[in-house]
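Visitor: Hi! Could you walk me through this one?
Guide: Happy to, let's have a look together.

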Amino acid sequence: MNIYPSGIIVFSLLFSAAAKPGEPYVLTGREKSIFSIYQADMKAYRELYEGEDINEYYKEFKTLNNLLDGRKLTQGEELMFPHTKKSKEIEEAEEAKAARAAKSAETAAARKQARGAPAANHDKPGEQLSLFGSDSRSRPRATNPEDERKRAEALRKDARQKSVYYFQHTLLPDWIYSHSNEILEKGNVDALVTNAREKVDEDFAESLILHRYPDKSIYILEFEKPKNVNEYFFVAIKMRESGGSYFYALEKGISFFGVGEVSVLFEWRSRGNVSKLGGRNYEDLSSFLQELEKGRPVNSGDK
């Protein structure tokens, strides 16, 4: 399908090749136009664009990457291709499959532990030995209950970690986009809490807290303190003066003995797509609120 979107902007610096929907691309300086990017992308991933409104996708791409004002791009800049419906479905199916596999492994380990170790088959008193060793059948090796308990616990933790990640990075963005007005107007997150209880567990659901600052046009959802990298501390909605909202997520970074990133800030540009704003040196609600109050956060590399 050929498209001829209006207002095509010619750049001297653009993508190196087709970008798979839902993935970032770094500009190399060898391409000439946005139109050539779409031609290459749709040819390389034709199956992912089936049924897609290409003109709407083009508009979403420009909005996602802040290209509506015709700004110039620079070599090395990272741009994001939005998900198509099919690429999003594939990603969600893969994540759900991984979560189910982890859950099944946990259940199998728990059942094995419940059956207990098989009883030892001791030789009968006075049993004679043959020239080739014991005539009795070899006994199965006894399973250590403590080892089984530890294995089951490790599987349980892994399954929960995957469930938390799937909830925060896949289910939550869709829910936030669909219910942002409900949060802003009523401060009601009961449906989200119920969803968290079903998808993760009771402790995770009960930890969800909505902090409302209507005078600042900021609303922050707080999660349980993350134990693993990529889990969220907070997700925020910040209303724009001109209408609409910005969406931000602060997740746990990699830090050892005070070195590294305590947290990493992301801006959600559209469903399933985020822009990394870089590391931050805080993880508390007060510091997060203060940064949002100062205006639209910028990439830490630009500070």
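Visitor: Let's start with helix H7, then. Which residues are buried there?
Guide: In H7, which spans residues 285–293, the buried ones are Leu285, Phe288, Leu289, Glu291 and Leu292. They sit on the same side of the helix, because the arc they cover around the axis is only 160°. Keep in mind that this is a predicted model.

Visitor: Good to know. And what comes just after H7?
Guide: Gly295 does, and its phi is positive, at about 130°.

Visitor: Switching to the surface: which residues form a nonpolar patch?
Guide: That patch is made of Val229, Ile254 and Phe256. Together the three have about 300 Å² of accessible area.

Visitor: Where is Phe256 found?
Guide: Phe256 belongs to strand S9, residues 255–256.

Visitor: Is Phe256 buried or exposed?
Guide: Exposed: the relative accessible area of Phe256 is 58%, and the cut-off for that label is over 50%.

Visitor: Now the whole chain, please. How many helices and strands does it have?
Guide: There are seven helices and twelve strands. The chain has 303 residues, and 39% of them are buried.

Visitor: What's the accessible surface of the chain?
Guide: About 18,100 Å², with carbon and sulfur atoms accounting for 49% of that.

Visitor: One last thing, on contacts between residues at least 6 apart in sequence: how many of them join residues at least 24 apart?
Guide: For those contacts in the chain, the share is 50%.

Terms used: Residues numbered from 1 in each chain as written. Predicted model: local features only at pLDDT ≥ 70, side-chain atom pairs only at ≥ 80, totals over all residues. Heavy atoms only, no water. Helix = DSSP H or I, 4+ residues; strand = E, 2+ residues; numbered from the N terminus. Buried < 20%, exposed > 50% of the residue type's maximum accessible area, 1.4 Å probe, protein only. Contact = heavy atoms within 4.5 Å. Areas by Shrake-Rupley, 256 points an atom, 1.4 Å probe, with all protein chains shown as cover. Patch = residues over 30% accessible without salt bridge, like charges linked within 9 Å, V, L, I, M, F, W, Y side chains within 5 Å. Salt bridge = Lys/Arg side-chain N within 4 Å of Asp/Glu carboxyl O. Arc of directions from axis to C-beta.
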